[in-house]
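A few lead sentences come first, followed by points grouped by topic.

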Amino acid sequence: MTETGRVYRLIIADDHELVRTGLRNLLAPEPDLEVVGEARDGQEALELCRELEPDLVLMDVRMPRMDGLEATRRIKRENPRVSVMMVTMHESESYLLEAVRAGAAGYVLKDTPRQSLVNAIARVLRGESPLNQELAMHLIRRLAEEGPRSSQPPPFSGWELEVLRLLSQGYTNREIADILAISVGTAKVHIHNIICKLGVSDRTQAAVRAAELGLIPPARE
Amino acid sequence: MVQKIRVLIVEDSEDDTLLLLRELRRGGYAPEHRRVETAGAMEAALEEREWDIVIADHSMPAFSAPEALRILKRRGLDLPFIILSGCIGEDVAVEAMKAGAHDYIVKGDLARLNPAIQRELREAAMRRERRRADEELKESEERYRTVVEQTTESIFLAHPQTRLILESNPAFQRLLGYTAEELRSMTLDDIIDHSPESIRQNIRRILKHRRYKVGERRYRCKDGSPVDVEVSVSAISYRGEELLCIVAHDITERKRAEARLRRSLNVLLALYEAGHVLSSSLDRQEIGAELLGIMQRVSSLAAAALRLREGSSGEFRLWESVGPEEVLVAASRTPTGSEARRAALASGRTQTFRLPEAGTPPAGLCLPLRVRDRVIGLLEAYGPESLLERETVELLSSLTSQAGSALENARLYGELAEHEQQLKELVGKLLVAQEEERHRVAYDVHDGLAQMLAASYQNLQAFAISHAPGTPEARRELESILNLLRSTVREARRIIADLRPTMLDDFGLGASVRQQVEALRAEGWEVSYDENLGDLRLPVGVETALFRIVQEALTNVRKHAGTDRVDILLRREGGEIRLEVRDGGSGFPPEKLLPEAPGERIGLSGMRERASLMGGRFEVRSKPGSGTAILVTIPESRVLEGGRD
């Protein structure tokens, strides 16, 4: 799946046991994904993350004790290397926006078909954004409309800004490479540099940070 | 010039008469004469005609001058009487003059005759003149006296220094009830009901100005009762003395009329005021207090109480009272008082009664307050005898009747207002209950059904991997089951969002409306959204209500407006939360916007109800052809005080 040969460690956080079992079963056929823990709420998820240091948390939004958004914020604060993907019943831009702000790398619905879910997980693990292009555009526009929150953007090269712009619009590495007529490897290097300079964990967060910094102009329809 | 003179000559001598006549002619007279020498002839001559002068010989055989003089006096004739004599002694002359003769002339000295005649004629004329004047004066006095005696004005004379009443006319005697004799021994101080100093002061003014209008004074009658008079006084001279002539006009009747008029005016004013006050209030307490207050002002009542029938039990409760409580309690508890209440209640008519019991006011009134055929209350009033005067009773009855209607109106209004309040509370509870129920169902579906469906979908997909169908038909069948499950989850999600947007709970009003806006834009609508609430959270009820109003308004636009252009404004400014949903669509005719119109179809009453429950203002502006605007404003004080519950 991720073509790296290593096995990624996952935690599933959902207050419904049925859903946790469903997700576990759904991912069972994937040899490079291992569900190492299940949490019934945000608090448990946070504790499990401290204990197990997983690669990825599949996080429900609404949970008792501590909801998924708060848990995501805390996990990202404690260990930015842990990626979080929201798996939720709520199809709403506000939830998506809030999730991304909290530090989530992806956002999928619980009724996403298995293959799409697996792909989304793979993209997050590969450091890509599992958001679809349209949603990403909305998201960036919303963030940009709200205005820059920090006035100290790190220095970016022209190439990097160009890549950041495309990345923010939800393009994949290959698409970015094609548009800019560079190799996929070069695109990956640019993205890696961008993520490092912005001090974020993944490309979704990179787009969020870039919007917050006012590096990306509000998209026009 | 020759002067005619009618001379009666009492003389026995023809010759002497001729001499006399010649002397008269010589003096310039044209005498017209008759000579008589007896009493009988003289009487006849006097009887026959008028004479200017009598000239008599002193002594004749059958008659004499003194006798002639006596005849003249007896007849009451004041004619110059001159005695002629041959020779006469001093003493006889004096005697004659004393008897009333005017002159005495010796026949040998006739030269004195003419001047004497001249003088005597003049004097006689003067005496006649004086007599006539005297008579006229007497007549005039009599006329005045008659007027004074018969006039209805009181007139009397008083002495300015002793202040004794000297004379009085019958009218004055009648006015005060004294006889003329009684008054003659009294002074002004006895009959004028003012201080002696005030009386003296007026007398000084009268003497100074001669005529003086004292104005209204109060006199005292013999029986001690006062009488109001209007007085004017003149200073007059009477028998050489300066006296006061006082004319007093009895104005008791006028005073009484004035008082009656004033009372009538007061009554009218009271009724007017009562009508105004009683009908302008819908507060029963206020009406009760006003009624008693007005009654107290227009009558002599000492204490009064208003009792009203309360509730379904029909018990009378003391509602309002004026006057000393102990008076009220004492009078109200007497057998007479309770009997009057019973009678008023039974008959529905005003009861007037006297209280024989000691320690209570002498009179009482019990007035029923009636509305149609029902007695809704009783008013008791206690006070002096005058309370029972017809006018007072009528006035109080009229006031009571007005108050009865006003109280009944207020009661009905109160009930109505209470019902309305209850209704409003009920609607509020209903809306809250509805929202709670939706909330519960939404979360039930979310936490139960939707999760189970999602899990089933996931499990079935997992199962399909481990137990892959062998045939293309089985694969297709599995695929369609999976699709069905997936769309069931979506349906559940839609139901949840409809029932209770979790957004509203998690992100608040601004974000929830934004989601609606985004959803419409995704459908291709042109929607503007002007919002400045940001992360501001309002009380759950307010957020829900405003959100539902937006939903309802958008539903209207969708169903009725025929446009896909909407402007939504949701702002906090000027101490208000302001929501506007405007469309540029077809609009509604005004009759559809009336609260009782079938506006239900466009959900206006629901929106209005929600807005009013938040203490907000709801307004619809719509005209056919120029779109519809829904405007809701809620004072921030109402929104932020409560905080979030």
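How many bridges join strand 1 of chain B to strand 3 of chain B? In this predicted model, strand 1 (residues 3-10) and strand 3 (residues 53-57) of chain B are joined by 4 bridges and run parallel. Within strand 3 of chain B, Ile55(B) is the residue that stands opposite Ile9(B).

**The sheet of chain B**

- The sheet in chain B is open and has 5 strands, which pair in parallel and follow the order 2-1-3-4-5.
- Strand 2 (29-36) and strand 5 (103-106) of chain B form its edges, each pairing on one side only.
- On average, and with direction ignored, neighbouring strands of this sheet are turned by 25° against each other.

**The helix packed on the sheet**

- Helix 2 of chain B, residues 39-48, packs on the sheet and touches strand 1 and strand 2 of chain B.
- The direction of helix 2 of chain B makes about 135° with that of strand 2 of chain B.

**The nonpolar cores**

- The largest nonpolar core comprises 74 residues.
- The residues with the most contacts inside this core are Ala13(A), Ala45(A), Val57(A), Leu58(A), Met59(A) and Met85(A).
- The element that gives the most to this core is helix 14 (residues 390-466) of chain B, with 7 residues.
- From chain A, domain 1 (8-126) and domain 2 (148-212) each supply at least three residues to this core.
- Another core, of 38 residues, lies apart from the largest one; among its residues are Ile287(B), Leu306(B), Ala340(B) and Leu399(B).

How values were computed. Residues are numbered from 1 along each chain as its sequence is written. Chains are lettered from A and ligands numbered from 1 in the order in which they are written. This is a predicted model: local features need pLDDT of at least 70, side-chain atom pairs count only at pLDDT 80 or more; totals for chains, interfaces and linings use all residues. Two strands pair if DSSP finds at least two bridges between them. Helices (H or I, at least four residues) and strands (E, at least two) are DSSP runs, numbered from the N terminus. Axes are lines fitted to C-alpha atoms, for helices over the stretch in contact, and angles run from 0 to 180 degrees between N-to-C directions. Two residues are in contact if their C-beta atoms, placed from the backbone, lie within 7 Å. A nonpolar core is a set of buried Ala, Val, Leu, Ile, Met, Phe, Trp, Tyr and Cys residues joined through C-beta atoms within 7 Å. A residue is buried if 20 or more other C-beta atoms lie within 10 Å of its own, exposed if 12 or fewer, and partly exposed in between; C-beta atoms are placed from the backbone. Domain bounds come from an automatic or database domain assignment.
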